[in-house]
Amino acid sequence: MIFWTLVVDGVVNGAIYALLAIGLVLVFVVTRVILLPQGVYMSFAALTLSQFQRGNVPGTAGLLLALGLAAFVIDLLRSRVTRAWLMRRVASDLALPAIMYALVTWLVPLRPNMAIQIVLTLALITPLGPYLYRLAFQPLEQASVLTLLIASVGVHIALTVLGLVFFGPEGFLANPLSSAHFEAAGIVISGQSAIMVAVSLVIMVLLWLLFDRTLIGKAMRAVAVNRVGARLVGIPISQAGEITFALASFIGAVSGVLIAPVSMVYYDTGFLIGLIGFVAAIIGGMGSYPLAVAGAIFVGLLQSFAAFWNSNYQQVVVFTTLIPILLLRSLRAPAVEEDE
Amino acid sequence: MSAPLLAVDRFSVAYGKVEAVRSVSLEVPAGSVVTVIGANGAGKTTLLNAMMGLLDQAGAISFEGHDLRGTRVEDRVAAGLVLVPERRELFGSLTVEDNLRLGSFRHRRHHQIGAELDKVYALFPRLRERHRQLAGTLSGGERQMLALGRALMSRPRLLMLDEPSLGLAPQIVRESFRIIADLHKSGVSILLIEQNARAALAIADHGYVMEHGEITLQGSAAELAQNPRVVESYLGLGSAR
Ligand SMILES: Nc1ncnc2c1ncn2[C@@H]1O[C@H](COP(=O)(O)OP(=O)(O)OP(=O)(O)O)[C@@H](O)[C@H]1O
Ligand SMILES: [Mg+2]
């Protein structure tokens, strides 16, 4: 019985790691950025939700305003300003954050219900991705993976510091998404766990539909496999980057909402969880979604059994078990398949 | 002839400090086939890539009277300037049909894309047979077909072809030249780069000779085919028809 309980635990954690891993793979194949802050989106979302539940306006609302403005100004200096451009950017960079800020400051003290809190959280965190892309990564579009990684480290540190400023050093736990419990074959499964796995599955299916069934999704894959070819058929590379970053921050925000009620989240919690997601992504060679998901579930299981065996050594066991696997991967497979 | 479809004026392109294209001026009149011939490393591919917007460039370029300086590749594609690049740049892990559909990315909101796909398949029945195969697993010749088909899906007004016969069997080369001639008849203007200068001059109205990054000769295709320097360097001695 214990065995199956541990398996359920492992799968539930694995589902969260899988979401993070998918976000990382997605961003890497399209933009070649190793997105360390992927875990920060998660912390930010979880803490934002907790703040909402305490009736506070979180610092992320102000961050949205600031990043939107910064992205607008940077683009203004860099682009050919046309009317269409101005309309679009005023809407996406100035109006959207302003509306979100107003909405949050108005609604949150009124203590809206859980559904509204979640929608607000997702709407607050998701736009951070595209803004960060435009501020930090788009100017480096032609740069090497290493340069992009350095930029990524910079963004990660900046966001982590902001997280400390916004939320302080304490951890927060949000209210559960569901208080139901049900029993299957003698194992008790909480409604929260079921929601976590179900939502992760839905997101994976939606992503699969996007990339397999729509021309926009295929255009993003095209950017991933051959950037020159993508440009030659007229796919705007930077827009593909923006969409990818938006997807990643959305996925990060969802994972934050899912994890907020089950685990105490601190401003820097996302880093460790993001690291595990990163390990899972590498098990998948940073290029394969199914392998990344399998890797994530595997890490989740490993962790849950290690925690049962000795919770102090949980992370040690996880990371030491992974070293040989990662070594093997790095010997066997090139990081990404390059076209031609 | 009327105003040129494409005009390039004192165009220069450098890789770092090395200037690969130096002050090249060139025109493609609407409805014509223009060819650029030159030895390996003369700068032909560099010229085309820069005209497409893939490389930074100095000098003027206009298309249908619109200034293209500073515009992005996607804007040039939208205007009807389409390149089949030397390295083809297909999407290897996508299917043949997805590659073709992505060719029409700029026109994705139109409804005739199915009809255009059928036209390309009619031109290259081999691609229809293999429409679900991954582009990366096609044979060399099939890849050329796919590259050309994908370019056609972009609705070119000026199609720039960088060595379309590269690595093809003679029979397929003849076939591809026939297709180029047909395209031309259907109203597409063409800028052609070819190692096979004889075939290129036979199909072209006008030609330019490029050496070490500069245009050293130009004239009607018929004139160039008679020019002793061209005959000696590019058509080969003793191979007169
Ligand atoms: N990315 C690059 N970096 C540096 N030099 C380059 C680069 N690409 C091309 N060159 C150089 O620029 C010159 C022109 O190259 P280009 O490919 O334009 O020649 P080409 O006329 O197309 O030749 P070919 O007939 O062999 O295709 C060559 O000397 C080449 O080595
Ligand atoms: Mg060349």
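The model is predicted, so local features need pLDDT of at least 70 and side-chain atom pairs count only at pLDDT 80 or more, whereas totals for chains, interfaces and linings use all residues. Residues are numbered from 1 along each chain as its sequence is written, chains are lettered from A and ligands numbered from 1 in the order in which they are written, and side-chain values use heavy atoms, with hydrogens and water left out.

The size of an interface is often given as the accessible area lost when the parts come together. Chain B and chain A bury about 2,200 Å² between them. Buried area is the accessible area (1.4 Å probe) that two parts lose on being put together, summed over both. Carbon and sulfur atoms account for 61% of it. Glu89(B), Phe91(B) and Phe105(B) supply 23% of the area that chain B buries against chain A, more than any other three residues. The contact (heavy atoms within 4.5 Å) takes 26 residues from chain B and 20 residues from chain A.

One salt bridge is counted between the two chains. A salt bridge is a side-chain nitrogen of Lys or Arg within 4 Å of a carboxyl oxygen of Asp or Glu. Asp98(B) pairs with Lys218(A), with the closest N and O atoms 2.9 Å apart. On the side of chain B that touches chain A, α2 (73-79), α3 (96-103) and α6 (140-153) each supply at least two residues. Helices (H or I, at least four residues) and strands (E, at least two) are DSSP runs, numbered from the N terminus. The largest share, four residues, comes from α3(B).

Ligand 1 has 13 residues around it, and Gly41(B), Lys44(B), Thr45(B), Thr46(B) and Glu86(B) come nearest. Here a residue is near if one of its heavy atoms lies within 4 Å. The side chain of Asn40(B) places an N or O atom 2.9 Å from an oxygen atom of the ligand. For Ala42(B), a backbone N or O atom lies 3.2 Å from a ligand oxygen atom. A polar side-chain atom of Tyr15(B) is 3.3 Å from a nitrogen atom of ligand 1.

Over all chains the structure holds 22 salt bridges. Arg134(A) and Asp93(A) meet at 2.5 Å, N to O. The pair links helix α6 (residues 128-137) and helix α4 (residues 83-107) of chain A, the two residues being 41 residues apart. Arg134(A) is buried at 2% relative accessibility, and Asp93(A) is buried at 1%. Buried means under 20% relative accessible area, exposed over 50%, and partly exposed in between (1.4 Å probe, protein chains only). In chain B, Asp182(B) forms a salt bridge with Arg178(B) at 3.0 Å. These two lie four residues apart in helix α7 (residues 170-185), so about one helical turn separates them.

Most residues other than glycine have a negative phi. Arg32(A) has a positive phi of about 65°. Arg32(A) lies in the loop between α1 (2-31) and α2 (38-53) of chain A and is partly exposed at 22%. Phi of His212(B) is also positive, near 45°. His212(B) lies in the loop between β9 (206-211) and β10 (214-220) of chain B and is exposed at 65%.

Methods: Polar contact = N/O pair within 3.5 Å; in protein donor to acceptor, adjacent residues only side chain to side chain.
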